[in-house]
Amino acid sequence: MSISGSKPQKKPLSWLAKFRRAATLMAQPKKPIAKAPTVWRSVRAIVFASWLNVLLVFIPISWVMNFALPDHYTLIFVFAFLAIIPLAKLLAFATDELSLRVGQTLAGLLNATLGNAVELIVSIIALAKCQLTIVQSSLVGSILSNLLLVLGMCFFAGGLRFSEQGFGQSAVQLNSSLLTISVIAVLLPGAFHMALQGQPESDELSTDYKILKTSHGVAIILLFIYASYLVFQLFSHKALYDDDNEDMQPTKEYAGQNPFRLHRTHRNITDGETVLSPSPTREGEASTTLSRPADVNRDVEPATHSIASVETVTPEQPLMSLTVCLCLLVIVTVLVAVTAEFLVDSIDGLTASGTISKEFVGVILLPIVGNAAEHVTAVTVSVKDKLTLSLGVAVGSSIQIALFVIPFIITLGWIMNKPLTLLFDPLESIVLFLSVLTVNYVVQDGKSNWLEGMILMCLYMILAVTFWYYPGESLVDVIEDFPGY
């Protein structure tokens, strides 16, 4: 009788053990982390993190204006608007520092989550003050800003350096499906309202009450879809969202001279002109002609990584210690909450003259405040050929707003007895549907170029002009006379 035959067989891992193992791998950073800097160096890094910190001076100015000159709504709005922009940038800076200490997938989730913190805070404050039109339009505007402006800027900026940039086709198509589901959830209450209009047995009050109850049920279902999406992205199919996924399309350099690069005509001409096929061009350029050593491994296809590149991995140097980073997140969140309250309070006075509408403020202006930091982050990494991370910030942020923030605000309004529904303004609903449809067509081939980016940005400018002249149609104030509201 053999000894090996008497050994007990290994028991399969339990669900909890698998969950812990997946969570451990997800929290493990891709590169080793160097020693954290001191508190003084961390504070210095915060101060010099961005030139936008100059705008921090508008925080006390907006606060003083709110209490000293409460009737000057335009000035209060402008100063509070300018004050939130650097706070959003500091929030993104702290998020990037946290992202260094976790895996790539969790880093993308952190960027999308904390990147939407400003929109969430503004929406909660507006909901508490029953500014329901602002809540709805700002959330729709945030989705449009991420899908059209941020994504368009990423494609355009990356296209100025690369002829074509590739990304994971399967993951993007799945994200498009999730956005389509959220758009359907927004369109159905409008169809519900139109179908019951004019029927003798359904008056306006009972129809709006049914739409309110329908919105509560749909919101819970959307939250369940988002939870399922998190499990899919972080545990069961996390490899689908990695840069080294086999589904990734290759990135192509310009053949010959880059037409958008000036004063560098003496480099990269011979190799680019003698190679005709896309893959050898990338390999030849990566091995002989790239003038930026840090970008060599980033621009080469995953199958062409050399052993030397693995051996020369240097630890990531954080700019802040973990304690200072968490303290910065808390302080910035409090400052955003207070300043956003002054911002929301000034909207009624700002729009009272009729020069600017609430629709334009909610759809165009407020999303710029919250997405300013995301613009910078996404565009910066797209130029470095990290388009997967750019998509995670832009499209991932839109999915989070559509499947989490909107149903969460609907549910929160249910708890707070606020009559917030999924019955959005008709123009906002149609624009959201057409934008998601356009983005789906743009990303379906798994490649991007500068022209596609310009198309998305121009579409966003078309929408900005449209909402500037659109007076808006209030569909959320009808049921405020319901008992209990």
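1. Helices here (H or I, at least four residues) and strands (E, at least two) are DSSP runs that are numbered from the N terminus. The model is a predicted one, in which local features need pLDDT of at least 70 and side-chain atom pairs count only at pLDDT 80 or more, while totals for chains, interfaces and linings use all residues. Residues are numbered from 1 along each chain as its sequence is written, and side-chain values use heavy atoms, with hydrogens and water left out.

2. A search of the whole structure for aromatic pairs returns 10 of them; rings of Phe, Tyr and Trp (its six-membered ring) pair if their centres lie within 6.5 Å, and planes under 30 degrees apart count as stacked, over 60 as edge-to-face and the rest as tilted. One of these is the edge-to-face pair of Phe67 and Phe342, with 5.6 Å from centre to centre and 85° between the planes. This pair links distant parts of the chain, since Phe67 belongs to helix H3 (residues 58-68) and Phe342 to helix H14 (residues 322-345), 275 residues apart.

3. On accessibility (buried means under 20% relative accessible area, exposed over 50%, partly exposed in between, with a 1.4 Å probe and protein chains only), Phe67 counts as exposed because its value is 63%, whereas Phe342 counts as buried at 9%.

4. Tyr226 and Tyr229 form a tilted aromatic pair, with 6.1 Å from centre to centre and 45° between the planes. Both residues lie in helix H9 (residues 204-236), 3 residues apart, which is about one turn of the helix. Tyr226 is buried, at a relative accessible area of 7%, and Tyr229 counts as buried at 7% relative accessibility.

5. Ring pairs also join Tyr226 and Tyr229 with Phe404 and Phe408 in a cluster.
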